[in-house]
Amino acid sequence: MRADGELTVGLLGAGMIAGVHAHAYRGSPGVRLVAVADPVPGKAERIAGRYGATVVPDLGALLDLGVDVVDICTPPTAHAGAAIEALQAGRHVLCEKPITRTMDEARRVLAAAEVAPGLLSVGQVARYGPDHRLARDLAASGEVGLVRMLSHSTTTSLPGWSEAGWLADAATSGGPLLDQGVHGFDYARWVIGSPAVRVHCMASGSGAGPLTYTLATVRYENDAIAHIECSWAHPASRGFRLRAEIIGTEGRLSWDYDHMMGGVLHAREGDAEWWDVLGDREFTLELSAFFDACRDGGPPPVPAAEAAESLRTALAAIESARTGRTIDLTTWEA
Ligand SMILES: NC(=O)c1ccc[n+]([C@@H]2O[C@H](COP(=O)([O-])OP(=O)(O)OC[C@H]3O[C@@H](n4cnc5c(N)ncnc54)[C@H](O)[C@@H]3O)[C@@H](O)[C@H]2O)c1
């Protein structure tokens, strides 16, 4: 970081979410996108050209430029190696969700973060949706009494934008229970404020792949329960739908929407791009909280250990859906 507080950023991956991040940096004064790397020809150029950044071939070249922050926007199977290398090089790291694809990788990332001088935060962006955050703040201040039950549902069609279709490949994405469900598991744990101890999940397959209609129930140590529904098997015409409810002993909070995440821009050239008519609200808030923490010396807004716990709950839901067993998270080895 320079004496005037400017933070320089290197963006690793130049796909859909990288474009959203690059746009949202503009909501953080004193943050400059310096370089972008992506192995697929033309993708880094597209983002770099729009924001006056340089194109570099890979993470090594990003680090050689001396950027303060590495923003990892690659598919999850490429998160661990990049996060560890950037942390060991002394950089701050923002890593998109899920923290990693597996718990082994997550443990290695946590170990690297523990001894690194830089911060590591994870893009569990549901915590920054203004509706989600307001609901959580109201619940935390006791407006609905003690939270006993939470339900969170996100349903959509199979996202079509991913590079070489990695989202449809469960070995890379984990399917909707991980890719999409990790938001619900993370949000529920954050609101309920107690560790998940048991998970049961039922799922069905569809043309979009196995385990693509999913319903998971979670019990927490404090006896609260959550219901996390997610699917990307819904017909394309239906769009993205979200429903959420927090039920306390003295009240409840609920909200829902169709399509309110924003729009998709299908321009003459290039891939589809998310277009947030409400101003990249959650991403702007998420990124500015991260950059503020980098300047203040921490703590990370979404600690890696919490993101790893959300990953573990999602992986347990997949295991439950696959085997029909209820997973006891107090003993389960993932
Ligand atoms: N927070 C959210 O709501 C949200 C939404 C979408 C995606 N995501 C997450 O963002 C990440 C990226 O997803 P996406 O939708 O942008 O996918 P994408 O396929 O659109 O983009 C990923 C990009 O990473 C590039 N890439 C792959 N390996 C790389 C490497 N080693 N170095 C540099 N670039 C590499 C690919 O070529 C591709 O351009 C995933 O972890 C995903 O779960 C989060």
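**A walk through the strands, helices and domains**

Everything I describe comes from a predicted model, in which local features need pLDDT of at least 70 and side-chain atom pairs count only at pLDDT 80 or more, while totals for chains, interfaces and linings use all residues. Residue numbers start from 1 along each chain, following its sequence as written. The helices (H or I, at least four residues) and strands (E, at least two) are DSSP runs numbered from the N terminus, and two strands are said to pair if DSSP finds at least two bridges between them.

The bridge I mentioned belongs to a set of four that join β5, residues 92-96, to β6, and these two strands run parallel. Both are part of an open sheet of six strands, which has the order β3-β2-β1-β4-β5-β6 and parallel pairing. At its edges lie β3 (54-56) and β6 (120-123), each of which pairs on one side only. From one strand to the next, the twist averages 25°, where axes are lines fitted to C-alpha atoms, for helices over the stretch in contact, and angles run from 0 to 180 degrees between N-to-C directions.

Helix α1 packs on this sheet, where it touches β1 (7-12), β2 (31-37), β4 (69-72) and β5, and its direction makes about 165° with that of β1; contact here asks for C-beta atoms, placed from the backbone, within 7 Å. Helix α4, residues 79-88, lies across β1, β4, β5 and β6, and runs at about 170° to β5.

Is α1 enclosed or open? Seven of its nine residues are buried, so α1 is largely enclosed by the rest of the structure; the buried ones are Ala18, Gly19, Val20, His21, Ala22, His23 and Ala24. Buried means that 20 or more other C-beta atoms, placed from the backbone, lie within 10 Å of a residue's own, exposed means 12 or fewer, and partly exposed is in between. Gly81, in helix α4, is partly exposed, because it has 16 other C-beta atoms within 10 Å.

Turning to the overall arrangement, the protein is divided into domain 1 (7-125 + 284-303) and domain 2 (127-274 + 311-328), with bounds that come from an automatic or database domain assignment. Their centres, taken over C-alpha atoms, are separated by 24 Å, and the contact takes 21 residues from domain 1 and 20 residues from domain 2. On the side of domain 1 that touches domain 2, α1, α5 (103-115) and α10 (281-296) each supply at least two residues, and α1 gives the most, with three.

Where does the ligand lie? Both domain 1 and domain 2 give residues to the shell around the ligand, so it lies between them. Of the 26 residues around the ligand, Gly13, Gly15, Ile17, Glu96 and Glu163 come nearest, a residue being near if its C-beta atom, placed from the backbone, lies within 6 Å.

Lastly, I come to strand β8, residues 196-206, which is joined by nine bridges to the antiparallel strand β9, residues 209-220, with Met202 having Leu215 as its bridge partner in β9. The hairpin joining β8 to β9 passes through two residues. Strand β8 also has two bridges to β15, residues 327-328, again antiparallel, and there Arg198 has Asp328 as its bridge partner.

Methods
Two residues are in contact if their C-beta atoms, placed from the backbone, lie within 7 Å.
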